[in-house]
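Open the model in your viewer and keep the selection tool ready. The stops below go from a whole interface to a single side chain.

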Amino acid sequence: MIFNSYLYLLIFLPLALLGFGAAARVKLRLGFAWLVLMSLVFYGVWNPDPSKPWSPFYVLLILGSCVGNYYFGRYLSGHKHTTKGKRILTFGVTANLGLLGYYKYAGFLAGLAKWATGWPGHVPSIVLPLAISFFTFLQIAYLVDAFRGETEEYHFTDYLLFVTFFPHLIAGPLVHHKEMLPQFTRGTWKHHKWINLSMGLSYLVCGLFKKVVIADNAAPIANALFGLAARGERPLTFGEGWAAALVYAVQLYFDFSGYSDMAIGSARLFGIRFPLNFHSPYKADSVVEFWRRWHITLSRFLRDYLYIPLGGNRKGKGRRYVNLLLTMVLGGLWHGAGFAFLLWGLLHGLYLCVNHAWFAVRKKRGWKALPKPLAIGLTFLFVIIAWVPFRAGGFEHGDSGSTAKAVAATRNVLGAMFGFHGFDFWAERSLSVVKDCYATRAIACLLICWFLPNTQQFFRRYSPALDVRGFDDNGRGPRRWWQWRPTGVWLAFTIVLLVSVLATFDKLSEFIYFQF
Amino acid sequence: MSRPAINMAEAASRGKRRHRRFVLGLVGTFFGVLGLFAFCNTRINPLWVTPSPWTDESFAPFRQIYRNTRTAKAGLLRNKDWEIVLMGSSRVAIAMDPKFPEWGDRKVLNLGLSASTITENKLVVDYVLKHNPSVKRLIVGVDLTDISSRSDSTRSTGFNESPFDPVGGATERELRYVFGVSTFRAAVRTWQTKRKGEIPPYTELGHWAHHRTHGMASVRKMIETGTIPGAKRFVVARKAGGDQPLASKLDLLKSILRSCRDHGVKLTVLVPPNHIAYLVVPYVGGAPDPMMMANRRAIGECVKEVNAEIPGSLQAEAWDFDDLHLLNGEALPPFEDPTREMHYWVDGIHSKEPLGHIMLSRMLGWPLPDPAGGDYGVRLDLIDPAEHARRIDAQFARYKEERPGDWAWIEAKVRSSESDAKKDDEEE
């Protein structure tokens, strides 16, 4: 089920809320059990092949994963820092990665082996279970922390809810047990119910607006241009190349941050606060800063459970750069098995290395930082260059996926952007796949990213998310007139957003991050 | 000390009231708007998918389905048991008249869907066979260009939002029809159409009978700005390697043939015509196999193959009207009277009902309404491909001879430079 559906908004969410309210009145844990049940329904309606009957397999898979990890975790918390515990941790992490690896990478690796050696012949396609990348990472973090002695004795229902809670289940934010489970036990839902409802609903509407009105209108433009690039019917023009990259940058940001807003808003209706996942990433003035603002919870996971265990910056400069590169390459492959995602990860790894080296040189020589607008512009340029292979990675997925198409799309778009196909702005009408004015309109949405506050800044008075104070531009500070309050003006504004959503809310469009 | 505590309690209570009012306002508006949509959508039933006991059937002749043809035509289909269903792209939607007197009292539905490809029509055929047990005959239009193109209309035409889509969630779809804004917009348009006594583009039988020129009065202009650029795009695709029939598309055609045969439904595959102004663009543009003879041959072979699979089974037929016959080369309106309508053609790719009547008469063995159509169309499953090619070459020579002015104009327009296209853009 997806947030931008009538099923979710008209039936599922009201039912989940009313049921939770009624059950939690009797007993809090009964409310949690209700939420677990609803979350499994939310997950279970997914059927990868609707031409075949629905199967409980995927619900059992996630339940099995939860049960296994819960008991591994309990065992580990009783054997922290012991050799036996380490062995069990290794086994648990390997089992999780093995499951993820089988579903996500077996097909890719078998394809590579077949290409190189002719073995293993026909490779049947493997259906990637929805959200497996997300729930596997949540639980690996739990196991590692259990071994480190950083977990408590959680109740099984609470643990199930932590993993399966529907607002974050499908595409994050990648929540952490330390920030979720204490909220459950504190029973935060009872306090400030009306504040939670008003804020949660408004946040949800903002997320819907970003996804339905902006991202979904940008998607056909980016799809048409990247599709043309992948088919290779003709080289893209200079204007088309830039439009493809810029419109995709708009689509991806509003799609994923819109999804995160909807998740944060939905959770808040139940009195639960999620960690921040985006904080105006296109305002970043360096790639290092970009990764502090983009998909924050994934960056946090990669830092805490990959980069730091690899040695982080504690083992010398050279090793630090190797660790950075490795972390980003693995982060790229987390998004999908394919060369395009690998290239994307590699590019960001290189960016980070160069960025850190630049910081070191600047510090050593006492150079001033670049002027902020220039730094933001340069960072954005490098980020959108990397988005090109990231978008092209979609052509490698699925039964009809092809690496050649992904490579062709990447080359065609990047070639056009850098003038290798000449400097014509747009193709003649009989050859164009998108009207230039539509692309311009979509690109104009970047102004929203650069010149307006982001969602959590609008809602700052009511602390919409956890971890909001780590940014200079998101501290407590004075109250502003433009910050959200439950007033008539804001109600009217929210209704305008809602009506805009309803006016364009006719297509069921999945979120980009569902494929990961 | 107690005073501030009371004030704080008051402030908290006031704050709570404000939040409660906000929530009630927002939720009330949301459900209020959707309630209004649901009432209008079920009362007017503009797309034929939201019937209810309180639906006002006086809206039926005014229903505005133009923007939601997939959904609405599926609604029409599930509204009644049809005996004959006409399918294909907009070429079929416009030319094939379900009220042609020769049909008699048979229940005929035009299910032509603009820009549809065989990938979509395969799924629509499945839907028809599943939901319409009374159907006896299907006429399915297959565009020649579609056979060698990877395009798939299910991705971009509203197919996924329609009941035809076997994959999408049915509950979500039905909720959207009842509460959705597109149904509501159609309801408002239908209500306005009825109030003004206007005629909508589509009839209650799914025939696209009115408003077919998109407000453009001049056929030459439509050909110049729509038909020829469209054909040029096709030439580019063919030159880039898209000139051979695709096995995947032919498999879909065979699948349609087998489904109909297995359900005891008589199938006629129809290659609908284009005006010569479209057909000659690949010649002038230097496309490989400009008349797509490989595609014609492949369609004929598919029909023959499936017919031969079960001897004595219901035999399908394939009719090809997309050649250079003079009916497809009807003279363009004179320059001095550019707004004059053509008798057989709406524009360069859509023929009108008079030509549709000839096609139906040829396919179904009815008396010809127009003697000019005596040799119009060939059976692809019967004709020898070499003879077919010779026939088309002869038609081309005859066209150039009989309509030299039109030929020169078309050739000039095709060869016109990029700057002309840019000029058109500016004019628009």
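Predicted model: local features only at pLDDT ≥ 70, side-chain atom pairs only at ≥ 80, totals over all residues.

Residues are numbered from 1 along each chain as its sequence is written, chains are lettered from A and ligands numbered from 1 in the order in which they are written, and side-chain values use heavy atoms, without hydrogens and water.

Select chains A and B. Contact (heavy atoms within 4.5 Å) involves 36 residues from chain A and 37 residues from chain B. The buried area, meaning the accessible area (1.4 Å probe) that two parts lose on being put together, summed over both, is about 3,600 Å². Carbon and sulfur atoms give 70% of that area.

Now select B:His19, B:Phe22 and B:Leu26. In chain B these lose the most area to chain A, together 20% of what that side buries.

Next, select α1 (2–44) of chain B; helices here are DSSP runs (H or I, at least four residues), numbered from the N terminus. The largest share of the side of chain B that touches chain A comes from α1(B), with 14 residues.

Finally, select A:Arg234, in the loop between α9 (193–231) and α10 (238–269) of chain A. Why does A:Arg234 count as buried? Its relative accessibility is 12%, and buried means under 20% relative accessible area (1.4 Å probe, protein chains only).

Definitions and conventions
Helix = DSSP H or I, 4+ residues; strand = E, 2+ residues; numbered from the N terminus. Buried < 20%, exposed > 50% of the residue type's maximum accessible area, 1.4 Å probe, protein only.
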